[in-house]
Amino acid sequence: MKKTSVFITGWTVAKYAAGIGVLALSTQAAALNIMLVNDDGCAAPGINALAETLQSHGHTITMYAPAGPQSGQGSRLTLPSGDCGVRFETLASDLKGDEPAAGGYCVSAVSVSNGEDCGTVDHLPMPFLELGQRVSASPADSAYVGLRLMGEAPDLVVSGINSGENVGRSTLHSGTVAAAVSSVQREVPAIAVSLSVRSDNYAAAAALVADVVRKLQDNAKGDRLLPPGVALNINYPAGTPKGLLFTDAGSHSTLSIDLQPQEDGTVSLDGYVFDFASQDIPAEEISEEGIAQREGYISISTLHASFNGPRAAKALTRVSLHGIGDAETD
């Protein structure tokens, strides 16, 4: 397996576990304009802990988050259909009336009529059921709406803190990761951050994010915080972390859905399958974020927002499809 080094151990991790940042150990970096988004909803504890922590370190925080829970929505967008349109609204509370931290906006979507061919279920955009209905915007909706309304692009988008890890295969479906990648595709650096489903220590994860932001600032020296097209995926485990690993996304996930075929030809989703039992794998042998999470490590993976394949794969495709353009047709 690929070897990966640990660079945070011992007392430093203990400070994170206690929810105490390490920013006091170094000179305060310049304040950033940071936009927050998530998929748990604007009143969720994770995003509000993140807002409070980043504000306490001098950053200017603006939150544009879904007006209701949107876990597992991936990069879904709420799109118009026929003569039906969509209007996004920023509210002071979520769809249940709960309010986010100061400066937060809860993004909802309302179906509106742009003509006569509107008002039926067939023509309404998903997930509306009737004309005029208000639903929560998706995480990707919220990221796009926030970036549009802010006018001047923020220095950074942080998505989370999600309740539950987003590692390996599960990142494909994660609204938390999708909101970050959507921001990167709009040329804004972004970080997705998630906390183990077995933990509620959002303060510790928020302290880590604050330190990551400071490190990025220190090394950027006034330039971009991250290279173009790059997002970070951070996952914080339950309990006291054993350390921090730089990882690949990989394929291993600590959580998967349990689909069971039924005798009547249907498939039932009965719940989730969890993989949290440590196998005592040494840190230097861990390369995937899902295994790092299972083994009790903080993981930081680098994601690229581009769907372009690597050069070698593109060259192989050309060889595999050689002559396809020369085929004669009847």
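Modeller: Cys-42 and Cys-106 form a disulfide, with 2.1 Å between their sulfur atoms. Keep in mind that this is a predicted model.

Colleague: What is the handedness of the link between Cys-42 and Cys-106?

Modeller: The link is right-handed, at 95° about the S-S bond.

Colleague: Which parts does the pair tie together?

Modeller: Cys-42 sits in the loop between β2 (33–37) and α2 (45–56), while Cys-106 belongs to strand β5 (residues 104–113), so the bond ties together parts that are 64 residues apart in sequence.

Colleague: Are Cys-42 and Cys-106 buried or exposed?

Modeller: Both Cys-42 and Cys-106 are buried.

Colleague: Where in the chain are Cys-84 and Cys-118?

Modeller: Cys-84 is in strand β4 (residues 84–91) and Cys-118 is in the loop between β5 and β6 (134–136). They are 34 residues apart, and the pair links distant parts of the chain.

Colleague: And what is the angle about the S-S bond for Cys-84 and Cys-118?

Modeller: It is 115°, and that link is right-handed.

Colleague: Cys-84 and Cys-118: buried or exposed?

Modeller: Cys-84 is buried, and Cys-118 is buried too.

Conventions
Residues are numbered from 1 along each chain as its sequence is written. This is a predicted model: local features need pLDDT of at least 70, side-chain atom pairs count only at pLDDT 80 or more; totals for chains, interfaces and linings use all residues. Side-chain values use heavy atoms; hydrogens and water are left out. A disulfide is a pair of cysteine sulfur atoms within 2.5 Å. Helices (H or I, at least four residues) and strands (E, at least two) are DSSP runs, numbered from the N terminus. Buried means under 20% relative accessible area, exposed over 50%, partly exposed in between (1.4 Å probe, protein chains only).
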